[in-house]
Amino acid sequence: MADSIEPENGSKYEDTLKKNINDLDLWDDDISDEILSSYDIDILSMPDEKPRTNKEMKVKVGIKVSSEDHGTPLERFRPGYLWVSDLTKQNWCEQQLYYSFTMSGIIEVNPVVQKVMTEGSNLHLARELAVHDTVPVKVTSNEDIWAIKVINLLNAVQGFLNGVTLAREIPIFGAPFQQDVFFVGLIDELRFDPESYNIDLLELKTKAFKSPPSKAQKSQHRLQVLLYKKLFDDLVKGNLSKTTVAKHLRLDLKRDFGEAVSLELTKHLVEFKNLDGLLDHLFQRMQCLTCVSQLHIEYVHQESKQTLYHHTEDYDDDDLSNIFEDYLKFWRGQRPVAGVDIEEAWKCQKCDFADICEWRSKKSEEYSSKNKDKMK
Ligand code: SF4
């Protein structure tokens, strides 16, 4: 699998590009996967291993802060597109997601959660390296970066068409439900059956504890695999156009690839000098496959590496469409931000924003005035 590496320091152009590459946050969906795994009631309710010092408490997470308060959340916080993990975090608590953009300075890095995330990342990496090596490729433009994603997706597709049965860490993207919002994600695993042509999708979740995943976690993971299937199937059905990709990712389809990316393409026996030809080729290959048949979620114990639980999820297009529409209203600034319902108030207990959360104090006032009314 090709992996982008940043260009060396040098010209102003390269400095700007480096910044843009950082903004692109290449594999955010994968990293966030570990963050999602840390949203575990067992971990949230765990005391720290040792009392944290003031210094540790003040460590800040490097999430961008927007000083501007105009524009929609989509315009303010994201570079023209969303990650699948943005919606899964929103599924946990939209208010928390909002604060993570606007108040990131008060996020505390909990060493226990950090350790769980690192263990989870290592397990994902070990699984990835079991099926392919990663090859660093020097990128010189945003077009190069997206070419690498396309090459990695194309590798999986071409592999299936050649009889390979397993692919891991597969980039996926698209603009589902004709909502004019672009999404990027990273599928953990696809399994191909050369006999039936069935493709199964599997999402790996690691757990520090052997307890079953909570209802809230399952809801996040369900949304994640449903959206991955939608994005994959849209490509199989030919529902994505080059102009949509170029518009949302702000790419010049006719811009020539850099030398390293061109060389990488020839290694994969395809020769295209820009995204225009490469995307045509990808779309044509994708349409030779079938839609995803089954959705699996596997929960693996971090210490023993044993599979603890395995769920299959039924795809429901109407359900996904309804969730999607509601969530996009937030991103488009069409409704106010919302926090958790009373049934999920346990999430607030270890939330970094609990002390300043307006939603939480509003709900608490509402419930205490209701209780007073009942007492009258
Ligand atoms: S305190 Fe509760 S409602 Fe507020 S951001 Fe945190 S989890 Fe969400």
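How far apart are the end C-alpha atoms of helix α14 (residues 317–331), and what span should its 15 residues have at 1.5 Å a residue? The end C-alpha atoms of α14 are 21 Å apart, and that agrees with the 21 Å that the helix should span; the expected span is 1.5 Å times one less than the number of residues.

This is a predicted model, so to speak of local features takes pLDDT of at least 70 and side-chain atom pairs count only at pLDDT 80 or more, while totals for chains, interfaces and linings use all residues. Residues are numbered from 1 along each chain as its sequence is written. Helices here are DSSP runs (H or I, at least four residues), numbered from the N terminus.

**After α14**
- Gly333 follows α14 and has a positive phi, near 70°.

**Around the ligand**
- The ligand has 14 residues around it, and Cys93, Gly339, Cys348, Cys351 and Cys357 are the closest; a residue counts as near if its C-beta atom, placed from the backbone, lies within 6 Å.
- Helices α7 (94–102) and α15 (358–375) each give the shell at least two residues, and α7 has the largest share, with 3 residues.
- By class, the shell has 9 nonpolar, 3 polar and 2 charged residues. Nonpolar means Ala, Val, Leu, Ile, Met, Phe, Trp, Tyr, Cys and Pro, charged means Asp, Glu, Lys and Arg, and the others, Gly among them, are polar.

**α6 against α10**
- Helix α6 (residues 84–92) packs on helix α10 (residues 215–236) at about 155°, with the axes 9 Å apart; axes are lines fitted to C-alpha atoms over the stretch in contact, and angles run from 0 to 180 degrees between N-to-C directions.
- That angle makes α6 roughly antiparallel to α10 (over 145 degrees).
- On the α6 side, Val84, Leu87, Thr88, Asn91 and Trp92 make the contact, and their partners in α10 include Ala216, Leu223 and Tyr228; contact means C-beta atoms, placed from the backbone, within 7 Å.
- Sorted by class, this contact has 7 nonpolar and 5 polar residues, with no charged ones.

**α9 against α12**
- The axes of helix α9 (residues 142–161) and helix α12 (residues 259–267) come within 10 Å and cross at roughly 15°.
- α9 and α12 are therefore roughly parallel (under 35 degrees).
- Asp144, Ala147, Ile148 and Ile151 of α9 meet Val261, Glu264 and Leu265 of α12.
- Here the count is 5 nonpolar, no polar and 2 charged residues.

How values were computed
Parallel < 35°, antiparallel > 145°, perpendicular 65-115°, else oblique. Contact = placed C-beta atoms within 7 Å.
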